[in-house]
Amino acid sequence: MKLNGLDWVALILVIVGGLNWALVGLFSFDLVAAIFGDMSVLSRIVYTLVGLSALYLLFTSGKLAKK
C-alpha cells in the first residue's frame, strides 16, 4: 500500500497542527499565529486546512492501517 500525494499532505498538516497544539499547551505559544498573524486570513486558512486534513485522515485511516 502506497500513500498518494493527498495522504502525505494531510499527514504533514496534521503533524504541524499537533505540534502547534503542543506549543500552545506547554508554552501558550501559537506558532501559526506568530508566523501569519493572530486570526489573519492566512492563519485561518492554515487552521482550516489542518482541520480538513484531520477529517480526511479520519475517514481514510483504514487505508493507512492496511499493509
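Let me start with Thr60, which sits in helix H3. Helices here are DSSP runs of H or I with at least four residues, strands are E runs of at least two, and numbering goes from the N terminus. Before going on, the ground rules. This is a predicted model, in which local features need pLDDT of at least 70 and side-chain atom pairs count only at pLDDT 80 or more, while totals for chains, interfaces and linings use all residues. Residues are numbered from 1 along each chain as its sequence is written, and side-chain values use heavy atoms, with hydrogens and water left out.

Back to Thr60. Is Thr60 buried or exposed? Its relative accessible area is 19%, so Thr60 is buried. The cut-offs: buried is under 20% relative accessible area, exposed is over 50%, and partly exposed falls in between, with a 1.4 Å probe and protein chains only. A polar atom of the Thr60 side chain lies 2.8 Å from the backbone oxygen of Tyr56. That is a polar contact, meaning a pair of N or O atoms within 3.5 Å; within protein, one must be able to donate a hydrogen and the other to accept it, and residues adjacent in sequence count only if both atoms are side-chain atoms. Thr60 and Ala22 are 38 residues apart in sequence, and their C-alpha atoms are 24 Å apart in space.

Next, Tyr56. Tyr56 is also in helix H3. Its relative accessibility is 22%, so Tyr56 counts as partly exposed. What does Tyr56 touch, leaving aside neighbours within four places in sequence? Its contacts are Asn4, Leu6, Asp7, Ala10 and Lys63. Contact here means heavy atoms within 4.5 Å.

Pick out Asp7 from that list. Asp7 belongs to helix H1. Tyr56 and Asp7 are 49 residues apart along the chain, yet their C-alpha atoms are separated by 8.4 Å. Asp7 has 0% relative accessibility, and therefore counts as buried. Beyond its neighbours within four places in sequence, Asp7 is in contact with Tyr56 and Lys63.

Now the whole chain. There are three helices and zero strands. Along the sequence the pattern reads α-α-α. The C-alpha trace spans about 40 × 25 × 15 Å along its principal axes. The chain has 67 residues, and 18% of them are buried. Take the contacts between residues at least 6 apart in sequence: 53% of these join residues at least 24 apart. The accessible surface is about 5000 Å², and carbon and sulfur atoms hold 75% of that. Those areas come from the Shrake-Rupley method with a 1.4 Å probe, and for residues only the protein chains shown count as cover.

On to the loops. Ser28 is in the loop between H1 and helix H2, residues 31-36. Its phi is near 55 degrees, a positive value in a residue other than glycine. Most residues other than glycine have a negative phi. Ser28 is exposed, because its relative accessibility is 71%.

Met39 is in the loop between H2 and H3. Phi of Met39 is near 55 degrees too, again positive in a residue other than glycine. Asp38 is in the loop between H2 and H3. At 68% relative accessible area, Asp38 is exposed. Asp38 is in contact with Ala33 and Ser43, leaving aside neighbours within four places.

That brings us to Ser43, in helix H3. Ser43 has a relative accessible area of 0%, so Ser43 is buried. Not counting residues up to four places away, Ser43 touches Val32, Phe36, Gly37 and Asp38.

Last topic: the largest pocket. How much space lies in the largest pocket? About 170 Å³. Ten names to look for in the lining: Val16, Gly17, Asn20, Trp21, Val24, Asp30, Val32, Val46, Tyr47 and Val50. Helix H1 (5-27) and helix H3 (41-65) are the elements that give two or more residues to that lining. H1 gives the most, with five residues.

For the method: on a 1 Å grid over the protein atoms alone, a pocket is an open set of points where a 1.4 Å probe fits, with protein on both sides within 12 Å along at least five of seven lines, and lining residues have an atom within 4 Å of a point. Points are joined across faces, edges and corners, and the volume is the space filled by probe spheres set on them.
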